[in-house]
Amino acid sequence: MPDGRNFTVLCFPSCCCRYLQADLETFDLRELKSEFDVILLEPPLEEYFRETGIAAHEKWWTWEDIMKLDIGGIAGLRAFVFLWCGSGEGLDYGRMCLRDWGFRRSEDICWIKTNKDNPGKTKTLDPKAIFQRTKEHCLMGIRGTVHRSTDGDFIHANVDIDLIITEEPEEIGNIEKPVEIFHIIEHFCLGRRRLHLFGRDSTIRPGWLTVGPTLTNSNFNSETYGSYFNAPNSTLTGCTEEIERLRPKTPPPKSDRGFGASRGGGRGGPPVGRGERGRERNRGSFRGDRGNFRGRGGPHRGGFAPR
């Protein structure tokens, strides 16, 4: 039965697996001649090599260099960016990058690394950390206005969770990210123009344009790539009626579910003040009513005269 996890297989032509070897320090991203619905960035941070204690096999990037990337210039009017930012100072710098690119931070996907299969493995302690770090974060930013209730052609919200739990790569110095991040993105965003920056040969994936300095080959042509999206609605994966029926929807507003909005109103009741709420709650059920008890200064409970 179709669900939110298998619709993506319906949409990608086999020719839509594209990759480009390029030095992102000097390459102008606008030369891709396309706007993208999703941009995934996987920069080689200095933090990764600092934690492993081994020399970097590729140039690591500073956050100042990452911020200079023209992400805003290649993003669509409504678009998402997913930025791997490590687990240290990158959490703050990553948010700064999103703001500078014209995105607002929406989610934080956390990757928990386990050592179940290799419990004896140890790693070099980061000199800047107090605890041994066993997680990484991927920040998600939104550009434009996207609503769950009205943009079902572009997103499937609430299909996945914001947590990835996988075994840590066995090779020390391996900075590969879990493939589950692609699954989350593909389940969530129905836009077909997907760009992976700082990709490698191992991350080339159908439906994605992979760009990175360590790729060993290229097959990207901007005119050919753009021709995939000339037809009406060709930038979207599409969706079946059954998937649309099954996908999680926006919950109805609280007012439509019968919950009072004002304090003291109760479920579906009119807004009342704190004093009136107490009187309404006790009226007709207070034991003292049987004896004409009406509070201080009135007849005593049971009708007896006060002393």
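## Strands β4 and β6

In this predicted model, β4 and β6 pair in the parallel sense over 5 bridges. Two strands count as paired if DSSP finds at least two bridges between them. Helices (H or I, at least four residues) and strands (E, at least two) are DSSP runs, numbered from the N terminus. Isoleucine 112 has isoleucine 165 of β6 as its bridge partner.

β4 (residues 104-114) also pairs with β5 (residues 135-143). These two strands run antiparallel and are joined by 8 bridges. Here arginine 104 is partnered with isoleucine 142 of β5. Strands of a sheet pair through backbone hydrogen bonds, either parallel or antiparallel.

## The sheet

Which order do the strands take in the open sheet? The 8 strands follow β1-β8-β7-β2-β3-β5-β4-β6, with mixed pairing. Neighbouring strands are turned by 15° against each other on average, direction ignored. Axes for such angles are lines fitted to C-alpha atoms, for helices over the stretch in contact, and angles run from 0 to 180 degrees between N-to-C directions.

Ile164 and Thr166 make up the covered one. Leu163, Ile165 and Glu167 make up the uncovered one.

## The loop between β5 and β6

Isoleucine 161 lies in the loop between β5 and β6. It counts as exposed because its relative accessibility is 58%. The cut-offs are under 20% relative accessible area for buried, over 50% for exposed, and partly exposed in between (1.4 Å probe, protein chains only).

Arginine 148 is in the loop between β5 and β6. It is partly exposed, at 34% relative accessible area. Asparagine 158 is 10 residues away along the chain, and the C-alpha atoms of arginine 148 and asparagine 158 are separated by 9.3 Å.

α4 is mostly covered: 7 of its 9 residues are buried. These are Ile181, Phe182, Ile184, Ile185, Glu186, His187 and Phe188.

Glycine 191 sits in the loop between α4 (180-188) and β7 (194-197). Is glycine 191 buried or exposed? Glycine 191 is buried, because its relative accessibility is 0%. Leaving aside neighbours within four places in sequence, glycine 191 touches Asp37, Phe154, Thr235 and Leu236. Contact means heavy atoms within 4.5 Å. Serine 234 is 43 residues from glycine 191 in sequence, and their C-alpha atoms are 9.0 Å apart.

## The whole chain

The protein chain has 7 helices and 8 strands. Of its 307 residues, 41% are buried. Among contacts between residues at least 6 apart in sequence, 76% join residues at least 24 apart.

The accessible surface comes to about 17,300 Å². Carbon and sulfur atoms hold 51% of that surface. Areas come from the Shrake-Rupley method with a 1.4 Å probe; for residues, only the protein chains shown count as cover.

## Basis of the values

Residues are numbered from 1 along each chain as its sequence is written, and side-chain values use heavy atoms, leaving out hydrogens and water. In this predicted model, local features need pLDDT of at least 70 and side-chain atom pairs count only at pLDDT 80 or more, while totals for chains, interfaces and linings use all residues.
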